[in-house]
Amino acid sequence: MTEATQAGGGETAGALKFSADTFHRLTALMTLALLIVVFAFGNAAFLSVNNGLTVLLQTSVIGLLGIGMTMVIITGGIDLSVGSVLALSGVITGLSVKAGLPVIPAMMLGVVTGALCGAFNGFVITRMRITPFVATLGMMLIARGLALQLTGAAPVSGLGEPFGILGNGSLFRVVELRENGFPRVVFPGIPYPVILLVIVAAAAAYLLRRRQLGRHIYATGSNEEAARLAGVLVDRTKIMAYVMSGALAGLAGNVLMSRLVTAQPSEGVMYELDAIAAAVIGGASLMGGVGGISGTMIGAFIIGILRNGLNMAGVSAFIQQIVIGFVVIGAVWIDQLRNRN
Amino acid sequence: MTSPAPPLVEMIGIEKHFGGVHAVNGVSLKLFPGEIVGVLGHNGAGKSCLMRILSGAMLPTGGEIRIRGKTVSFDSPNDARDLGIETIYQTLALADHLDAPANLFLGREIKTRFGNLDDARMLSEARKVLATLNPNFRNLTDPVLSLSGGQRQVIAIARAIYFDVKVLIMDEPTAALGPSETAMVADLVRRLKAQGIGILLVSHDMHDVFELCDRVVVMNKGNLVGEHDIEDVTKDDILSLIIKGELPLDWTPRSAEMAQ
Ligand SMILES: Nc1ncnc2c1ncn2[C@@H]1O[C@H](COP(=O)(O)OP(=O)(O)OP(=O)(O)O)[C@@H](O)[C@H]1O
Ligand SMILES: [Mg+2]
């Protein structure tokens, strides 16, 4: 449905659609490639394996949030609460570990907390008929307030080594012991957050493209009334999207707090904006009905690489914000040019 | 033109109010198997509201619906569909970013053994049913957004007839169609009638109405102002009902006239 591969021979509509549909993703990919080239020339260390892994690691949190955000945006909604839900979930996990719960159940509890926040969002939006913007703005304050209240606004530390594995461990890490007794890292391994991101992205893409729920997510955002008349359970579909967004925010919170080996109630402020930016750069439309996981992943990497590259070039965090702001506007502008054609 | 079988659909005293607006005002109508009933009226007369109430898309303020003599209440379009009531909405009700097969099977997707969407089968099925309505329908994998008004209408019609339909509600189904497509829809309607399907046809096209319908009901400002066998009325009689809400003063049933 996305790639117009067999656009009927020479029909203008088909031909137009082919270029329009791939145009955005191509420009996004080219932007990504251009960024890599520019930063690589600027700093040789940028292209090192280690830095590549750093970018992957940094992108994993935005990526996880962006995947949930994409599903919500496709339904025609928005989820402003993911940054706060991330913090609340991480705090719940941290406090549970502190209270003696083993790490894995504690992390599950954190993800469930995120899912419950999402369910609340969905409930407020579908049953109380409050717009997604306002409903999730409310949840943004509620979840942040809860996280701060539960911890007295202080970081929860001393969570023990197992808590840090998800964020800091990696697969296929090869370390050899040298003759002088010091270890040498032959291959730093693939960080667990990156593996998690790949699995979640694949699962989300599968859900959106191959499952009925995914089809209904697109239909709901495309024309809610038509979907309802066709028998789609529109409210249930929307609630599912917000639950997934909340759960993924919870997962991202666990990854982030695990990396810091500390539960920080003030983490994740404004992350929702990065997630929205990733989805929008990747071609999702805030009007609903349009968007995809591959696009959002490209969007997340554009933001991640911009941050990383600008950091290495010694550009301040303030300038970084300015640049990313322009990138978001540029991406949407290109999108509109595409639609005007 | 009465049939001994129990009515397929019976709507009794249907009301629909929007605040002070009485969109439908105590309207009753019957539909028998294999019958085509034209629903006529000026713009805003309440035709679409009445049809949406029967298709479960709109909750009535009052009144009763019976299907084959059994009282039902529709909370959602699915309830009506489960009883074989299919609707072609005036607005077409298509999801613009999805392609024709996805729209055709929306809410009733074909799945593989593992619960995945069976897009290949939906495409081939869609191709088959669309070809019966418009042999030139080719761009099946384009989002319906980029299709012509007529093509979109054909998808809406295909969606209603593909599944096991007992009652078909057609709310201005040919408004965007060219002459050959309109003729194909007329053929289709006759075929469905022959299969014993009951059809409610909302139309402004007098030619279609006289060509296809067995009976007409006329609405005016939410009220039912006339219900006649097609043989009993002329075009002018119907126009008078639509515009003034009453028959010409000198009216007598035309079939009776001819018998004399
Ligand atoms: N959702 C709604 N909210 C408020 N008023 C409505 C709504 N739907 C319909 N109406 C009103 O109900 C009346 C009947 O509308 P309806 O769509 O049934 O007319 P119609 O006979 O189908 O007209 P047309 O020939 O133009 O399709 C109109 O006055 C309309 O304004
Ligand atoms: Mg109407």
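This is a predicted model: local features need pLDDT of at least 70, side-chain atom pairs count only at pLDDT 80 or more; totals for chains, interfaces and linings use all residues.
Which side chains meet in a salt bridge at 2.9 Å, N to O? I looked it up: Glu225(A) and Arg52(B). My cut-off for a salt bridge was a side-chain nitrogen of Lys or Arg within 4 Å of a carboxyl oxygen of Asp or Glu.

Residues are numbered from 1 along each chain as its sequence is written, chains are lettered from A in the order written, and side-chain values use heavy atoms, with hydrogens and water left out.

Next, the A/B interface. Across it the rule gave me three salt bridges. I found 29 residues of chain A in contact (heavy atoms within 4.5 Å) with 31 residues of chain B. The two chains bury about 2,600 Å² between them, 51% of it on carbon and sulfur atoms; that is accessible area (1.4 Å probe) lost on being put together, summed over both. In chain A, Arg210(A), Arg215(A) and Leu229(A) lose the most area to chain B, together 25% of what that side buries.

Then I checked the sheet in chain B. It is open, with six strands in the order β6-β7-β8-β3-β9-β10 and mixed pairing; strands are DSSP E runs of at least two residues, and two of them pair if DSSP finds at least two bridges between them. β6 (85-88) and β10 (223-229) of chain B stand at the edges with a single partner each, so one side of each lacks a neighbour in the sheet. Five bridges join β7(B) to β8(B), which run parallel, and I see Ile169(B) opposite Leu200(B) in β8(B).

Note on methods:
Helices (H or I, at least four residues) and strands (E, at least two) are DSSP runs, numbered from the N terminus.
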